[in-house]
Amino acid sequence: MTGTPIGLFHPGVSPLHRIPAGIKLLGMVLSVVGVVLLHRWWQLAIAAAVTTILFALARIPPRVAWSQLRPLRYLIVLVAALQCWLAGWHAAVMVCGTIVVTVALAALVTLTTRVTAMLDALGGVLRPLRRLGVDTDRIGLLLALTIRCIPLVAGIVSAVGEARTARGVGFSIRALGAPVIIRSLRSADALGEALIARGADD
Amino acid sequence: MTTRDRTNVRPGGPGAPSEVRFAGIRHRYGERWVLDGIDLALAERRIGIVGANGSGKSTLARMINGLIEPTEGTVTVDGLDPSRHGRQVRARVGFIFTDPDNQIVMPTVAEDVAFSLRRSGLSKTVIAERTAAMLERMGLAALADHPAHLLSGGQKQLLALAAVLVRGPAVLVADEPTTLLDLRNARRVSETLAGLDQQVIMVTHQLDALAGFDRIVVLDAGRVVADGTPTDALPRYRELVT
């Protein structure tokens, strides 16, 4: 596996790293809404340029930044082709550009914010719900597990793909999907058992 | 058979090992009985549980902190039943699994250790101090901000161990902690386990890891077939697997 997988903190002391998690999350939400509301290609170009500057300000190496966007490449090609065919090149640029910029903004937050800081921020926002009996710690745990599962499932997909290649089997959704689902469910069981053992629910 | 009656062993006061007691344990998965009549009192500082695949040793280990409840019989840790006092028992008993990947929850090394203390009521400063001290002790301090899933197998197992030990358990149960590791990493984890202050109950196939242990329990087909010092019990295990 190369680069930093989606959702992982990239250590640093940049100004973006030092901004409190809650402010960054709020900024990300507002930025994403703003980007989605853009209508002109040049507005999107400015948003992309600002996002690039923010990555530079956070001192995120280009290799790490690319590793955040690389998983989108097939989706972007597919969406661009469909949009060009159905609505023209301008729509294709706007839709694909919006996807890339919004994912990059979200990645920038996760790259510069520890998960624990995000959980603390989320806990603060959700605190009023405790009065209604909502277990806000559990919601935070759910978020942490979601982020944790990205490299876990990526590792399973990679291992199953290697096993398939080693056995000389060609590409098949069933040959890939069935073992990935079974191993993911087993991992989920084991992770649940480990969480109990670690006293996560105590 | 070198089975010894240890039912009279008692914890020897503060600082002494805990007593893990299995009384009349039977357990089945579906129609298959995997444990069939286990009566043990484990109070030594270093206890190994060995047996062939399917002999029931991992099931037995999981009962200690309530991950599995026996079909019949009772398990207690210092008199506490894990099924009724799960929180108290898990505070005393730490557990590390064969595959540390399944035990790592947070994305970075330091965050994963700190995760163990999230419900401890300690301040963030104290949690950070304890996390840093534990990482230093495990030789992982330089990797504090490293993505946990990108560690080597040995480092992952040491991280799993750090995440358990930071809670300060009195007993550590380790279920084949070196099985997935190469020789060097297995030795490193075994040496770390050997140097712990905690009482250690280790399930393993790797007999090297049991050097210096006080007591070995050998299981076969869900029953204790040997129980004694390594010198007494391990020859019986070797007979079983050769």
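These legends walk through several close-up views of a predicted model.

Local features are described where pLDDT is at least 70, and side-chain atom pairs count at pLDDT 80 or more, while totals for chains, interfaces and linings use all residues. Residues are numbered from 1 along each chain as its sequence is written, and chains are lettered from A in the order in which they are written.

**View 1. Chain A has nine helices and zero strands.**
Helices here are DSSP runs (H or I) of at least four residues, strands are E runs of at least two, and both are numbered from the N terminus. The C-alpha atoms of chain A fill a box of roughly 55 × 55 × 35 Å along the principal axes. Of the 202 residues in chain A, 23% are buried; a buried residue has 20 or more other C-beta atoms within 10 Å of its own, an exposed one has 12 or fewer, and a partly exposed one falls in between, with C-beta atoms placed from the backbone. Take the contacts in chain A between residues at least 6 apart in sequence: 73% of them join residues at least 24 apart. Contact means C-beta atoms, placed from the backbone, within 7 Å.

**View 2. Chain A meets chain B through 25 residues from chain A and 24 residues from chain B.**
On the chain A side, helix 7 (115–126), helix 8 (136–166) and helix 9 (173–197) are the elements that give two or more residues. Helix 9 of chain A supplies the largest share, eight residues. By class, this side has 15 nonpolar, five polar and five charged residues. Ala, Val, Leu, Ile, Met, Phe, Trp, Tyr, Cys and Pro count as nonpolar, Asp, Glu, Lys and Arg as charged, and the others, Gly among them, as polar.

**View 3. Helix 8 and helix 9 of chain A pack at an angle of about 140 degrees, with axes 9 Å apart.**
That angle makes the two helices oblique: under 35 degrees counts as roughly parallel, over 145 as roughly antiparallel, 65 to 115 as roughly perpendicular, and the rest as oblique. Axes are lines fitted to C-alpha atoms over the stretch in contact, and angles run from 0 to 180 degrees between N-to-C directions. The contact has nine nonpolar, three polar and two charged residues.

**View 4. Helix 5 (residues 73–87) of chain A lies beside helix 6 (residues 89–112), their axes coming within 7 Å.**
The axes cross at roughly 150 degrees, so helix 5 is roughly antiparallel to helix 6. Their meeting residues include Ile76(A), Val79(A) and Cys84(A) from helix 5, and Trp89(A), Val95(A) and Ile99(A) from helix 6. By class, that contact has twelve nonpolar, one polar and no charged residues. Even so, zero of the 15 residues of helix 5 are buried, so helix 5 lies largely in the open.

**View 5. Arg59(A) has a positive phi of about 55 degrees although it is not a glycine.**
You will find Arg59(A) in the loop between helix 3 (41–57) and helix 4 (62–69) of chain A. Arg59(A) is partly exposed, with 15 other C-beta atoms within 10 Å.

**View 6. Ala221(B), also not a glycine, has a positive phi of about 50 degrees.**
Ala221(B) sits in the loop between strand 8 (215–220) and strand 9 (223–228) of chain B. Ala221(B) is partly exposed, with 15 other C-beta atoms within 10 Å.

How values were computed:
Contact = placed C-beta atoms within 7 Å.
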